[in-house]
Amino acid sequence: MYSLILKDFLMLKKMLLIITGLITLWYILQFSSIFIIALAGFLFISNTGSFEDRNNSHIMLNSLPINRKSIISSKYIGALIFGIVTVCLASLFQVVFYFVFDAYTQPFPEVYDLLIGILCIFLFTSIYYPILYKFGEKYTRIILMFIGFTIIVFGNIMMHLFKDKIETIKLFLSQFTANQLLLTGSVITVLLFLLSWLGTIKIYEAKDF
Amino acid sequence: MTNVVEFNNVKKSFKNFSLDDVSFSIKKGFVTGFIGANGAGKSTTIKLLMKLLRKDSGNITIFGLDQDKHNQEIKERIGFVYDENCFYDTLSIRELRKIIAPMYQKWNDNLFYKYLDQFSLPEKQPIKNFSKGMKMKMAILFAISHDPEFIIMDEPTSGLDPVFRREVLELLHEIMLDDQKTIFFSTHITTDLDRIADYITYIHKGKILFSKEREELLTEYGIVKGSNDLLDRDTVKEFVSIRKTNVGFEALTSCVKKTKDIFGDEVLIEKPSLEDIMYYTNKGDLKCTL
């Protein structure tokens, strides 16, 4: 398992440098921590998937004495490790830039922001890997674009349909505290992450190379 | 004599091709050459052997163990070389070693560096800069550094220049000095097999036509040459297939003894090459134009 995770980080060593550079730039531009962590996660995860298909490496991996479950699990654990490392990096950068820019009023990012950032990584991982292992890299891009487009269109339609009821929705949500909402969101995302993990193992185990 | 591999009635179907009821075995301690035309099912069989494809039905045992139940244990004892590069091409040999070595319990660094030196491969250069020959050497390096008992190679010599092909064959020869090792390799370059193969397994259109000792095969089969007058409705049935020219016919027989009994001294019978056997067997599907 360690070797498989190491492989992803070795493969993306240049990408990791770029991501670190981008995180620095975004902090200089004073972007939100949520945005920074989520986007870094998106870049890392989408690249860990695409190099496998490009290199025809499924044949090599599956000829080694490891089972298919471990190959998939390493991707999910890798995403988790990346999330934690990014949160640490984000915190470190804010400490540094707190002393440089006046805009940062506190030395550490809000815990909420860090948590939501990690949840965004979980959510993207949950959606990306099952699609990637089922349809391959080429179709995954198209499917993700389609999903993004659908969310925008569907969101707009919903906004239009429920524009009179926005106050009611706000009222409904206001009966919960921010902690309760975040906790619910976290539980749902973690469940989705675990389900996606198990589902992707099933997909990969049924695959022919 | 024990078998390292046993295929029993294995079936695998695709849209345009299927392996039909494949049964054969690979003998321990020998080199088995796996031959067949392009698209005959060599790679599919090898992928089934490596569990890269799931079989539709049948049973495969390797080292006497059921492939489905003991996959990891089996792979630990196998070295696999694929005909295309399937290693991450932006990594170097040094980085790949860091990934692959810990996966094998019996990884042997002394062996790895011995072959690295013997193959004169650069350790720190990304493998995307390697030539085809270097990539094949590297694939072999990673396949044999855990000292496997059984080496499976899918077309290891295809696309390589004659010098390097000879080097690969010599290496296989060196490995086979240990009589506990077994090699199974597919090829359509039959002259490679003349050098090292003890057994030949022949696949044709998804079916195993034979799996025999090479010497036995070359004794049983023969190239028959004679006058066209000798061919009639009954005698053509004695041949796998026939090539007819103005000066006479040339045909392949799968039973030299019977052919001698029928034709006596009227025909000339020569020892066939593996290429002859492949050529005439493939042609055998065509309707005889007599």
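Predicted model: local features only at pLDDT ≥ 70, side-chain atom pairs only at ≥ 80, totals over all residues.

Reply: Residues are numbered from 1 along each chain as its sequence is written, and chains are lettered from A and ligands numbered from 1 in the order in which they are written.

Helices here are DSSP runs of H or I with at least four residues, strands are runs of E with at least two, and both are numbered from the N terminus. In helix 1 of chain A, the buried residues are Leu4(A), Lys7(A), Asp8(A) and Met11(A), where buried means that 20 or more other C-beta atoms, placed from the backbone, lie within 10 Å of the residue's own. These residues cover an arc of only 95° around the axis, which puts them on the same side of helix 1 of chain A; the arc is that of the directions from the helix axis to the C-beta atoms. Their cover includes helix 3 and helix 5 (68-98) of chain A, together with helix 3 (93-100) of chain B.

The contact between the chains takes 20 residues from chain A and 25 residues from chain B, two residues being in contact if their C-beta atoms, placed from the backbone, lie within 7 Å. On the side of chain A that touches chain B, helix 1 (2-11) and helix 4 (57-63) of chain A each supply at least two residues, and helix 1 of chain A gives the most, with six residues. The residues of that side divide into eleven nonpolar, seven polar and two charged, with Ala, Val, Leu, Ile, Met, Phe, Trp, Tyr, Cys and Pro counted as nonpolar, Asp, Glu, Lys and Arg as charged, and the others, Gly among them, as polar.

Helix 3 of chain A, one of the elements in that cover, also packs within its own chain: the axes of helix 3 (residues 33-54) and helix 6 (residues 111-161) of chain A come within 8 Å and cross at roughly 20°, the axes being lines fitted to C-alpha atoms over the stretch in contact, with angles running from 0 to 180 degrees between N-to-C directions. Helix 3 and helix 6 of chain A are therefore roughly parallel to each other, a term for angles under 35 degrees. By class, their contact has 14 nonpolar, eight polar and three charged residues.

Key:
Parallel < 35°, antiparallel > 145°, perpendicular 65-115°, else oblique. Buried ≥ 20, exposed ≤ 12 C-beta atoms within 10 Å, placed from the backbone.
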